[in-house]
Amino acid sequence: MNVSEILERRNAFSFEVFPPKTDVGMEKLCGEGGVLDQLYTLNPDYISCTYGAGGTNVGKNLEVLKKIQNDGKAIPVTHFTCIGNTKEGIKEQLQTYLDNGINHMLALRGDLPFGWTGTGGDLHYATELVKFARQEFGDKFTIAVAGSPEGHIACRSLEADIAFLKQKQDNGADYIMTQLCWDMDQFRYWLDAIRAAGIWMPVDVGIMPILDQAATINMALSRNGCVMPRELCEIISKNWIFPNPFDKEPFDADVAGKKASFKEAGIEYTIRQIDEYRACGINGIHLYALNKFDDVARIAKEAGLLDLI
């Protein structure tokens, strides 16, 4: 079965990893007994792999996905962006994935790297990428698209964002992978709204484990413009590292204690959020592994996700 078929039949469980920039990082992720081998023990349906803005580090991305494909323990899914690329380049890259047995993709517009001076490429939006991939490759790819429960930060309104999501479906997308969202009331509103708009695609929810103060704040504000609920803000405030969690040399006397306390509270928060998502009737949980095992394994086990397999 492909991922879309799994999502339609039962709740799916999956991970996201990213391609390390160093050989040491690649060994930790892809080497014998590394993070990927450990993640396989949890029997995920698929593992997706990101790459950098503008398609940077795409070589490492392919290397990671080839290992997943060759190991045969989970379906490999590549993130794929169109911005800054030509149609011919997109076609060649997608064919390379197919040649390596990788036939699942998350179609994204993507972000240009900081300081980029080139053009925006031939395609400007994910809607165009989905349509182009279907025109060039037919049904050879299972195509996921991003859904933004709070609306994409670059979109003029939530309503417009939902309309574009419907267009992705009309252009041939198979299922939705949601962006980070901690605001459960907003998620429930969005889920009702997309169904009312005629979007029938299965919804696979992206979950970022709350493990580190700086990473949590950075992910919410610098990339997604996410609402941070009062409960999450309280966890950050109660464990605040002075002068701030971004300072590499904080003067706080209890840095280690606060980091440990924050992680414990964050893991518990993540587990409760997964409970709420599953109660909404979604089709899968996609857990950002952050290239780690122990913490995400604990979350998956205590949230009961392994019982889905």
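**Cysteines and the barrel**

C280 is partly exposed, with a relative accessible area of 22%. That sits just outside the buried class, because buried means under 20%. Keep in mind that this is a predicted model. We'll begin with the cysteines, move to the barrel, and then visit some helices and loops.

**The cysteines**

- A disulfide is a covalent bond between the sulfur atoms of two cysteines.
- How many disulfides does the count come to? The count comes to zero.
- For C280, the closest cysteine sulfur belongs to C181, and at 9.8 Å it is too far for a bond.
- C181 has its own closest cysteine sulfur in C226, 6.6 Å away, which is again too far for a bond. The cut-off behind this is that the two sulfur atoms must lie within 2.5 Å.
- C181 counts as buried, at 1% relative accessibility, whereas C280 is partly exposed.

**The barrel**

- Eight strands close up into a barrel, and if you follow them around, the order is β1-β2-β3-β4-β5-β6-β7-β8. The pairing is parallel.
- From one strand to the next, the twist averages 25°.
- As background, strands of a sheet pair through backbone hydrogen bonds, either parallel or antiparallel.

**A closer look at β3**

- On one side, β3 (residues 75-81) is joined to β2 (residues 46-49) by four bridges, and the two strands run parallel.
- Two of the partners to look up are these: Y46 is bridged to I75 in β3, and I47 is bridged to P76 in β3.
- β3 also has four bridges to β4, and that pair runs parallel too. Here the bridge partner of H79 is L106 in β4.
- How does the chain get from β3 to β4? The path goes through α5, and this β-α-β crossover is right-handed.
- Is β3 enclosed or open? Seven of its seven residues are buried, so β3 is largely enclosed by the rest of the structure.
- Both faces of β3 are covered. I75, V77, H79 and T81 are buried on one side, while P76, T78 and F80 are buried on the other.

**Helices against the sheet**

- Helix α5 (residues 87-99) lies across β3 and β4 (104-108), and α5 runs at about 170° to β3.
- Helix α11 (residues 255-279) packs on the sheet as well, where α11 touches β7 (203-207) and β8 (284-288). The direction of α11 makes about 170° with that of β7.

- Which residues of α10 (residues 230-238) are buried? They are L232, I235 and I236.
- Those three cover an arc of only 95° around the axis, which puts them on the same side of α10.
- What do the buried residues of α10 pack against? They pack against α9 and α11.
- Over in α9 (residues 213-224) you'll find Q213. Q213 is buried, with a relative accessible area of 4%.
- Leaving aside residues up to four places away in sequence, Q213 touches I236, N239, W240, I241, P245 and F262.

**Two buried loop residues**

- S148 belongs to the loop between β5 (142-147) and α7 (158-170). S148 is buried, at 9% relative accessible area.
- Which residues does S148 touch, if you skip those up to four places away in sequence? The contacts are L158, D161, Q179 and W190.
- F293 sits in the loop between β8 and α12 (294-302), and F293 is buried, with a relative accessible area of 15%.
- Not counting residues up to four places away in sequence, F293 touches Q38, L39, T41 and L42.

Terms used. Residues are numbered from 1 along each chain as its sequence is written. This is a predicted model: local features need pLDDT of at least 70, side-chain atom pairs count only at pLDDT 80 or more; totals for chains, interfaces and linings use all residues. Side-chain values use heavy atoms; hydrogens and water are left out. Two strands pair if DSSP finds at least two bridges between them. Axes are lines fitted to C-alpha atoms, for helices over the stretch in contact, and angles run from 0 to 180 degrees between N-to-C directions. Contact means heavy atoms within 4.5 Å. Buried means under 20% relative accessible area, exposed over 50%, partly exposed in between (1.4 Å probe, protein chains only). A crossover is right-handed if, with the strands pointing away from the viewer, the path from the first strand over the helix to the second runs clockwise. The arc is that of the directions from the helix axis to the C-beta atoms.
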